[in-house]
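Biologist: I'm new to this one. Can you walk me through it, piece by piece?

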Amino acid sequence: MLDIAVLMEAPWQDDDAWEPLATRAATAALLATPMAGLIDAKPAIELSIRLASDAEVRALNRDYRGKDKPTNVLSFPMLDADDLARLDRLHGEILLGDIVLAYETCAREAAERGISLADHATHLIVHGTLHLLGHDHLEDEEAEAMERIERDVLQGLGLHNPYED
């Protein structure tokens with residue numbers, strides 16, 4: 001079973017929309033990968049999504065990545081490739097990882113793209129979930145594969161292609 005916890009801090013507006021949005025985005029990302037079975041898996045799989053400020057994300061980015069600036073999304077996987085490959089043999093509740101979105105950066109990027117903050121956050125949660133599942137974009141081939149999954153997931157959710165000019 002997949003359990004998604006959404007934690008929200010100011011300046012994100014505390015309304016009831018973010019938890020269903022995050023659940024829909026993360027679930028859609030999982031369904032588009034070979035890890036789709038995690039949704040109904042035993043043991044329980046937990047994913048944490050934190051909606052934070054740019055200041056918090058800047059501190060995390062500095063402390064964990066050595067980059068002293070905010071970014072739109074950070075992912076902190078708790079499982080490596082070997083753990084992911086043997087999830088069916090693990091017991092108890094398993095934390096897949098954490099995703100953190102920076103409000104001011106996300107809001108600015110959404111405005112620049114002419115899309116809603118909710119649509120941009122959906123894309124970033126899909127992107128972050130794929131990182132937790134071992135996907136990356138450091139090499140061109142990896143980036144193309146990850147972007148293809150993101151485009152397919154977002155299209156399935158009725159959203160724009162974030163990689164179009």
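**A walk through the model**

Modeller: Let's start with Thr105, which sits in helix 4, residues 103-113. Keep in mind that this is a predicted model.

Biologist: Is Thr105 buried or exposed?

Modeller: Thr105 is buried, because its relative accessible area is 4% and the cut-off for buried is under 20%.

Biologist: Which side chain does Thr105 make a polar contact with?

Modeller: That partner is Asp54. The two side chains are joined by a polar contact of 2.8 Å.

Biologist: And what else does Thr105 touch, leaving out residues up to four places away in sequence?

Modeller: Besides Asp54, Thr105 touches Pro70, Thr71 and Asn72.

Biologist: Switching to charges. How many salt bridges are there?

Modeller: The count comes to 7.

Biologist: Which residue does Arg108 pair with?

Modeller: Arg108 forms a salt bridge with Glu112. Their closest N and O atoms are 3.5 Å apart.

Biologist: Where do those two lie?

Modeller: Both Arg108 and Glu112 are in helix 4. They are 4 residues apart, about one turn of the helix.

Biologist: What does Glu109 bridge to?

Modeller: Glu109 forms a salt bridge with Arg113, and the closest N and O atoms are 4.0 Å apart.

Biologist: Is Glu109 buried or exposed?

Modeller: Glu109 is buried, with a relative accessible area of 12%.

Biologist: Take Asp63 and Arg62. How far apart are their closest N and O atoms?

Modeller: In that salt bridge the closest N and O atoms are 3.1 Å apart. Asp63 is exposed, with 53% relative accessible area. Arg62 is partly exposed, with 39%.

Biologist: New topic: aromatics. How many aromatic pairs turn up in the whole structure?

Modeller: The search finds 3 aromatic pairs. One of them is Trp12 with Trp18.

Biologist: Why does the Trp12 and Trp18 pair count as edge-to-face?

Modeller: Because the ring planes of Trp12 and Trp18 are at 90°, and edge-to-face needs over 60 degrees. The ring centres are 4.9 Å apart.

Biologist: Are Trp12 and Trp18 buried or exposed?

Modeller: Both Trp12 and Trp18 are buried. For Trp12 the relative accessible area is 4%.

Biologist: What about Trp12 and Tyr103?

Modeller: Trp12 and Tyr103 form an edge-to-face pair too. The centres are 5.1 Å apart, with 75° between the planes.

Biologist: Is Tyr103 buried or partly exposed?

Modeller: Tyr103 is partly exposed, with a relative accessible area of 22%. Trp12, Trp18 and Tyr103 form one aromatic cluster.

Biologist: Now a loop. Where does Leu138 lie?

Modeller: Leu138 is in the loop between helix 5 (117-132) and helix 6 (140-156). Leu138 counts as exposed, at 69% relative accessibility.

Biologist: How far is Leu138 from Leu95?

Modeller: Their C-alpha atoms are separated by 24 Å. Along the chain, Leu138 and Leu95 are 43 residues apart.

Biologist: Last topic, pockets. What volume does the largest pocket have?

Modeller: The largest pocket has a volume of about 750 Å³.

Biologist: How many residues line the largest pocket, and which lie nearest its centre?

Modeller: The lining has 35 residues. Nearest the centre are Val73, His127, His131, Asp136 and His137.

Biologist: Which element gives the largest share of that lining?

Modeller: Helix 5 does, with 6 residues. Helix 2 (54-65), strand 3 (73-77), helix 3 (81-85), helix 4 and helix 5 each supply at least two residues of the lining.

Note on methods: Residues are numbered from 1 along each chain as its sequence is written. This is a predicted model: local features need pLDDT of at least 70, side-chain atom pairs count only at pLDDT 80 or more; totals for chains, interfaces and linings use all residues. Side-chain values use heavy atoms; hydrogens and water are left out. Buried means under 20% relative accessible area, exposed over 50%, partly exposed in between (1.4 Å probe, protein chains only). A polar contact is a pair of N or O atoms within 3.5 Å; within protein, one must be able to donate a hydrogen and the other to accept it, and residues adjacent in sequence count only if both atoms are side-chain atoms. Contact means heavy atoms within 4.5 Å. A salt bridge is a side-chain nitrogen of Lys or Arg within 4 Å of a carboxyl oxygen of Asp or Glu. Rings of Phe, Tyr and Trp (its six-membered ring) pair if their centres lie within 6.5 Å; planes under 30 degrees apart count as stacked, over 60 as edge-to-face and the rest as tilted. On a 1 Å grid over the protein atoms alone, a cavity is a set of points where a 1.4 Å probe fits but cannot get out, and a pocket is an open set with protein on both sides within 12 Å along at least five of seven lines; lining residues have an atom within 4 Å of a point. Grid points are joined across faces, edges and corners, and a volume is the space filled by probe spheres set on the points.
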